[in-house]
Amino acid sequence: MVDLAKITEPLSLNRFGPKPRGPLVLELDLTEGVADDSPGDPLSQIMNRRKQQYLEVLEGIRRGARDPEVGALIVRVDARALGIAKIQELRDTVADFRATGKTAVAWADTYGEAGDGNLPYYLATAFSRIVLSPTGLVGLSGLRSRTTFLKGALDKLDVKFEAGARHEYKNAINQYTQTEYTPAHREAMGRIVQSMNDQIVTAVAKSRDLTEERVRELIDTAPILAREALDAGLVDQLAYRDEVYAELTKEVRDKGKDSPEPGLQFVTRYHRKHASAPKPKFADGGEHIALISASGGITLGKSRRSPLGGAVMGSDTVCAAFRAARHDPRVRAVVFRVDSGGGSAIASDLIRRESQLTREAGKPVITTMGDVAGSGGYYVALGSDAIVAQPATITGSIGVLTGKPVLGELKKRFGITSDSVSEGAHAGMFDPEQGFSESEWERINLLLDTIYDDFVTKVAAARGRTWDEIHEVAKGRIWTGADAQERGLVDELGGVETAVRLARAKAGAGALPVRAFPRPHPLDRFRQHESSEDLASSEPQTVLSAWGPLEHLAVRMGLPVGGPLSMPGAWEIR
């Protein structure tokens, strides 16, 4: 039966009024992954709305550090979606949060399971408290980088790979032309792994009040059981999720004395809520620092997202962004965020040129590097006033390469024949049917020498060094950001926050806000464009390749799709 008394009972307006607000605990779950940047097209932006954006995570934590209503930060640690340089930037952001006296807790079911725990645990050491589940592990086992060489398999298939590079450290094609590391390749890779490992060991020792010798001893015993990790001082507590949250909630509530129960909110939700709050009229018209982000292989044309290769940095799109920033009176300076293993030499130079013109127009340009900014990714930074990198950023790779697979014998083996007609001695220069002729090798060597000389010359001019000085640290060699700074290729170590500080100082305009730039309207792609100066005409699109008609071969053979100023493969060190 229906209770009529309950129906006629007066409604309590408290149910619909504002609830008592307690201190806020910011929450971040890194097991859900973090997207590096927001795509350019409106549909993808809508689809990615629920994804955690890396820069929003950083800004949300920084905002929370300044917000008196935020009492603590709790992060479920996972590093599968983050490279080591991004982890270093996130560690710095957590350190800033802790500097305000607020608690930051890192917890995980396990920091790696029988392995791959180096980066998650490295991130965790930035927090006030590290918690591990009672059955978890600490997979702090040291770093390794492995390269797979395909030459032996190609030989069995009668596939020859012809390639040229400048110079001995430019090793992106070695996996097709060698069966093991060359001395130069081994030297470069060994130093990268050593530098990164040293950075992790130093950070763990400092944060956990251990000696570096003791940390190295523990690394040699990994994977480390939960109780062993607690006894060794690597973690502060063994607890399950419910226990971690209950303890932190009580801690925050007790700090506020009689305050209501603390609330939980994801960092990105918190950031977007505050970023979208109503602003004073004409607030968007104020002066600001433009943040131009570009990632992926560098190509001519427009930026795009490839279903197979991810983001692609198109010179038309990035150059248009610099021109727009240069002509916008509200923009006082530019922070250029780069995350790229390089690509087209021509496209890289075009971006460098627009960056330089922006700086010469009186608007400072500071480049900040992500996980990777080498070869063409370093080239595009040469027009800026200063270069900022994380200690573990992969950069340098000042060199050039080109090559092609020769498939003629393989086709013969399977009875595949082809024929052709041509005009011009070099009409089939990049045809994979046969190797380079003597005259074609002459042109290739001239091309490689010219591009390398031009690259080194521009680096020398930008860095205030001689050609010979840059050549000594170039030769195609990659460096960590820390090593690159020691050799004069990088100005400061840090991330976006460091770059913003330098931009503000260079512009001499105080605490200018930072805004993602440009911000095209969704309807821009449906209207007719006025001219090539119309920013909307260079919005990201979906198919250009620095290899031209050889793009499909480059993909199938594993060549750097971006072009001759590329670095080898995907960068992942575990």
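The following questions and answers go through this predicted model and set its values against the terms used for them.

User: What makes up the secondary structure of the protein chain, and how many residues count as buried?

Analyst: The protein chain holds 21 helices and 23 strands. Of its 574 residues, 52% count as buried. Its accessible surface is about 27800 Å², and carbon and sulfur atoms account for 52% of that area.

User: How do you know that the span of helix α20 agrees with its number of residues?

Analyst: Helix α20 covers residues 496-507, which is 12 residues. The expected span is 1.5 Å times one less than the number of residues, and for α20 this comes to 16 Å. The end C-alpha atoms of α20 are 16 Å apart, so the two values agree. The buried residues of α20 include Val496, Val500, Leu502 and Ala507. Glycine 508 follows α20, with a positive phi near 60°.

User: What does the comparison of spans give for helix α17?

Analyst: Helix α17, residues 438-463, has 26 residues and reaches 37 Å from its first C-alpha to its last. The expected value is 38 Å at 1.5 Å a residue, and the span is close to it. Among the buried residues of α17 are Ile444, Leu448, Ile451, Tyr452, Phe455 and Val459. In an α-helix there are 3.6 residues a turn, so residues three or four places apart point the same way. Just after α17 comes glycine 464, which takes a positive phi of about 70°.

User: What makes a set of residues a nonpolar core, and which members of the largest one touch the most others?

Analyst: The members must be buried residues of the nonpolar kinds, joined through side-chain atoms within 4.5 Å. The largest such core has 64 residues, and Leu73, Tyr111, Phe127, Val138 and Leu234 touch the most other members. Helix α8, residues 183-207, gives the most to this core, with nine residues. A second, separate core has 48 residues, including Ala321, Phe336, Val338 and Tyr379.

User: Which residues are in contact with leucine 234?

Analyst: With neighbours within four places in sequence left aside, the contacts of leucine 234 are Tyr121, Ile130, Val138, Val204, Arg208, Leu210, Leu218, Ile224 and Ala229.

User: What makes glutamate 354 and arginine 326 a salt bridge, and are they buried or exposed?

Analyst: Their side chains meet at 2.9 Å, N to O, and the limit is 4 Å, so the pair is a salt bridge. Glutamate 354 is in helix α14 and arginine 326 in helix α13, 28 residues apart. Relative accessibility is 12% for glutamate 354 and 16% for arginine 326. Buried means under 20%, so glutamate 354 counts as buried, and so does arginine 326.

User: Which residues do salt bridges with shared partners join into one network?

Analyst: The network consists of Glu59, Arg62, Arg66 and Glu497. Within it, arginine 66 and glutamate 59 meet at 3.7 Å, N to O. Arginine 66 counts as exposed at 57% relative accessibility, while glutamate 59 counts as partly exposed at 25%. The whole structure has 35 salt bridges.

How values were computed
Residues are numbered from 1 along each chain as its sequence is written. This is a predicted model: local features need pLDDT of at least 70, side-chain atom pairs count only at pLDDT 80 or more; totals for chains, interfaces and linings use all residues. Side-chain values use heavy atoms; hydrogens and water are left out. Helices (H or I, at least four residues) and strands (E, at least two) are DSSP runs, numbered from the N terminus. Buried means under 20% relative accessible area, exposed over 50%, partly exposed in between (1.4 Å probe, protein chains only). Contact means heavy atoms within 4.5 Å. Accessible areas come from the Shrake-Rupley method with a 1.4 Å probe; for residues, only the protein chains shown count as cover.
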